[in-house]
Amino acid sequence: MNYLEVKHLMNSIYSDDEEMVQDTLESLLPIIEGKAEDVARYIRELQLIAGTQKAEAASLAEAAKKTSEKADKIMANVAQCLKQLEQTELQAGAYKFKFTKGREVVQVDEEKLPKEYKTIQTIEKPMDKNELKKLIKAGTQIEGVSLVRNPDSLSLK
């Protein structure tokens with residue numbers, strides 16, 4: 001049975017003795033506060049674990065980046081060796097190094113490109129939301145713009 005059920009039950013049974021109902025409900029508050037404290041401790045513990053996990057993830061991401069860079073450097077050294085040996089491929093046990101032909105891509109120097117090969121793009125987007133908010137708060141009616149309050153959030157301090 002939860003607090004609201006107890007309150008309803010007490011009010012229905014002792015509807016003529018409001019003081020007793022109130023005293024009984026007040027006597028339940030320390031129990032509720034104790035449970036809330038336990039919940040708060042658990043939330044804090046989860047927040048600390050999440051923070052540690054985020055830090056570990058960042059550390060692992062940095063280690064992965066360094067490991068990947070190391071593999072890229074070694075691969076560049078192998079490529080240089082194969083070029084010096086004038087080899088396009090090399091079988092190395094279960095592995096095979098092989099140069100593949102690179103894709104053709106277009107590189108454009110926009111400053112040197114003649115105007116006939118350029119297009120003009122116009123981008124329409126809403127003005128800054130903070131400016132729109134100031135206008136709405138000042139009383140300006142703007143179709144398609146409204147102030148919406150985000151739901152209240154519970155904080156734990």
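1. By class, the largest pocket is lined by 6 nonpolar, 1 polar and 2 charged residues (Ala, Val, Leu, Ile, Met, Phe, Trp, Tyr, Cys and Pro count as nonpolar, Asp, Glu, Lys and Arg as charged, and the others, Gly among them, as polar). Please keep in mind that this is a predicted model, in which local features need pLDDT of at least 70 and side-chain atom pairs count only at pLDDT 80 or more, while totals for chains, interfaces and linings use all residues. Residues are numbered from 1 along each chain as its sequence is written, and side-chain values use heavy atoms, with hydrogens and water left out.

2. Who lines this pocket? The residues are Pro 126, Lys 129, Leu 132, Lys 133, Ile 136, Val 145, Ser 146, Leu 147 and Val 148. The space in the largest pocket is about 150 Å³. A pocket here is an open set of points on a 1 Å grid over the protein atoms alone, where a 1.4 Å probe fits, with protein on both sides within 12 Å along at least five of seven lines; lining residues have an atom within 4 Å of a point. Grid points are joined across faces, edges and corners, and the volume is the space filled by probe spheres set on the points.

3. Now to the charged pairs. The whole structure holds 4 salt bridges (a side-chain nitrogen of Lys or Arg within 4 Å of a carboxyl oxygen of Asp or Glu). One of them pairs Glu 131 with Lys 134, with the closest N and O atoms 3.7 Å apart. Both residues sit in helix α3 (residues 129-137), 3 residues apart, about one turn of the helix; helices are DSSP runs of H or I, at least four residues, and strands are runs of E, at least two, numbered from the N terminus. Glu 131 is partly exposed at 38% relative accessibility, whereas Lys 134 is exposed at 54% (buried is under 20% relative accessible area, exposed over 50%, partly exposed in between, with a 1.4 Å probe and protein chains only).

4. Salt bridges with shared partners also link Glu 37, Asp 38 and Arg 41 into one network. In it, Glu 37 meets Arg 41 at 2.8 Å, and Arg 41 meets Asp 38 at 3.4 Å, N to O. Glu 37 and Arg 41 are 4 residues apart in helix α2 (residues 18-84). Glu 37 is partly exposed at 43%, as is Asp 38 at 47%.

5. One backbone angle to look at: Glu 86 has a positive phi, near 55 degrees. Most residues other than glycine have a negative phi. Glu 86 lies in the loop between α2 and β1 (89-92) and is exposed, at 73% relative accessibility.
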